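Please read the report below alongside the sequence and the model.

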Amino acid sequence: MLNDAQRAAYDRDGFIVVPEVFSPAEIDELRRVTDEFVRNAASVAANDEIYDLEDSHSAGEPRVRRLKAPHLHHPAYLRASRNAKVVAILKDLWGSVRFDTGKLNMKSAGHGAPVEWHQDWAFYPHTNDDLAAVGIMLDDVDSENGPMLVVPGSHKGPIWDHHGPNGRFCGAIDPARCDIDLSRAAPCLGKAGSVTVHHVRAVHGSATNFSGRERRFLLFQYRAADAWPLLGFSGGIEKFDELLLAGEPTLEPRLAPVPVRLPLPPAEHQGSIYENQRASGRRYFAAADRAVAAE
């Protein structure tokens with residue numbers, strides 16, 4: 001599925017964009033389903049097991065910033081999470097593939113919330129770092145509608161502290177306390193149907209969507225079959241093996257000399273990364289948004 005140049009770029013930069021993975025018909029279906037979920041959010045007043053709502057959400061103007069675990073709530077999302085082309089991409093990288101979980105981040109036109117700089121690895125360290133998130137672009141993504149930004153090569157660097165001023169995990173890096181050049185961050189751009197693949201240790205984030213266009217991004221997390229979560233798997237070995245999409249199950253986790261910082265004590269604000277990051281103190285993208293608004 002991947003060519004040599006794409007595999008080399010992933011190894012070098014920690015992320016790639018692969019065009020035309022999902023067909024127009026598949027994207028149309030995912031958009032229709034997503035629109036229905038947003039309409040149904042009009043009857044939801046607070047965050048729950050499905051919805052993470054924008055602060056400006058109301059019954060008259062429903063605003064959703066995330067659908068949690070969408071693959072559990074509609075078969076179209078479940079099919080997308082098992083897409084054969086996606087599995088083939090990851091099999092090219094690791095040889096085996098196990099599903100983890102997913103979410104649908106929605107940056108609605110004019111107000112989509114930012115996601116502060118972070119590394120996914122900080123949330124769920126494993127015995128090795130053959131893990132990645134695949135982002136499915138449901139809309140065309142350009143430099144104006146809040147694309148994901150990734151710092152090239154950061155997947156080979158340290159695991160930065162994702163704890164807040166109170167010492168609890170908050171799911172965000174304080175740029176003032178780390179030696180990383182965020183100006184090097186590259187946007188992941190593409191047409192609807194393209195996918196991004198970013199390494200679990202890659203530093204990434206995204207700004208507010210100030211454009212007049214949607215930017216809906218369906219993200220699924222995957223790992224190699226021999227990558228085991230250090231914090232355990234609550235469903236038991238049978239459920240863990242049900243998530244295997246390519247390769248053979250194993251009872252021998254591969255242990256790699258990768259840096260680990262546990263997400264403990266747990267975040268003060270639970271629910272999603274948006275809630276976790278409320279306790280992060282200094283906000284990089286929030287400051288940038290204020291500067292834009294003042295112009």
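Ala172 lies in the loop between E7 and strand E8 (186-187); helices (H or I, at least four residues) and strands (E, at least two) are DSSP runs, numbered from the N terminus. The model is a predicted one, in which local features need pLDDT of at least 70 and side-chain atom pairs count only at pLDDT 80 or more, while totals for chains, interfaces and linings use all residues. Residues are numbered from 1 along each chain as its sequence is written, and side-chain values use heavy atoms, with hydrogens and water left out.

Is Ala172 buried or exposed? Ala172 is buried, because its relative accessible area is 4% (buried means under 20% relative accessible area, exposed over 50%, partly exposed in between, with a 1.4 Å probe and protein chains only). Setting aside neighbours within four places in sequence, Ala172 has contacts with Glu116, Trp117, His118, Asp161, His162, His163, Gln277 and Ser280 (contact means heavy atoms within 4.5 Å). Asp92 is 80 residues from Ala172 in sequence, and their C-alpha atoms are 30 Å apart in space.

## Exposed residues

Ser143 sits in the loop between strand E6 (131-137) and strand E7 (149-150). Its relative accessibility is 58%, so Ser143 counts as exposed. Between the C-alpha atoms of Ser143 and Ala246 there are 35 Å, and the two residues are 103 residues apart along the chain.

Arg39 belongs to helix H2. Arg39 counts as exposed because its relative accessibility is 55%. From Arg39 to Ile159 the separation is 120 residues in sequence and 39 Å in space, C-alpha to C-alpha.

## Backbone details

Glu20 counts as exposed, since its relative accessibility is 70%.

What is the form of the peptide bond from Leu264 to Pro265? That bond is cis, with omega near -10 degrees. Pro265 is part of the loop between strand E12 (244-246) and H6.

## The protein as a whole

The secondary structure consists of 7 helices and 12 strands. The radius of gyration is 18 Å, close to the 19 Å that the globule rule gives for 295 residues, so the protein is as compact as a globular protein of that length. The radius is taken over C-alpha atoms, and the globule rule is 2.2 Å times the number of residues to the power 0.38. Along the principal axes, the C-alpha atoms fill a box of roughly 50 × 45 × 40 Å.

Of the 295 residues, 54% count as buried. Among contacts between residues at least 6 apart in sequence, 82% join residues at least 24 apart. The accessible surface is about 13000 Å², and 52% of it belongs to carbon and sulfur atoms (areas come from the Shrake-Rupley method with a 1.4 Å probe; for residues, only the protein chains shown count as cover).

## The largest pocket

Rolling a probe the size of a water molecule over the atoms shows where empty space is left. On a 1 Å grid over the protein atoms alone, a pocket is an open set of points where a 1.4 Å probe fits, with protein on both sides within 12 Å along at least five of seven lines; lining residues have an atom within 4 Å of a point. Grid points are joined across faces, edges and corners, and a volume is the space filled by probe spheres set on the points.

The largest pocket has a volume of about 1200 Å³. Its lining has 50 residues, and Thr101, Lys103, Phe123, Tyr124 and Gln221 lie nearest the centre. Elements that give two or more residues to this lining include strand E3 (64-68), strand E4 (97-107) and helix H5 (236-242). E4 gives the most, with 7 residues. By class, the lining has 22 nonpolar, 17 polar and 11 charged residues (Ala, Val, Leu, Ile, Met, Phe, Trp, Tyr, Cys and Pro count as nonpolar, Asp, Glu, Lys and Arg as charged, and the others, Gly among them, as polar).

## The second largest pocket

The second largest pocket holds about 320 Å³ of space. It is lined by 20 residues, of which Glu54, Asp55, Arg65, Ala113 and Pro114 are the closest to its centre. H6 and helix H7 (284-294) each supply at least two residues of this lining. By class, the lining has 5 nonpolar, 6 polar and 9 charged residues.
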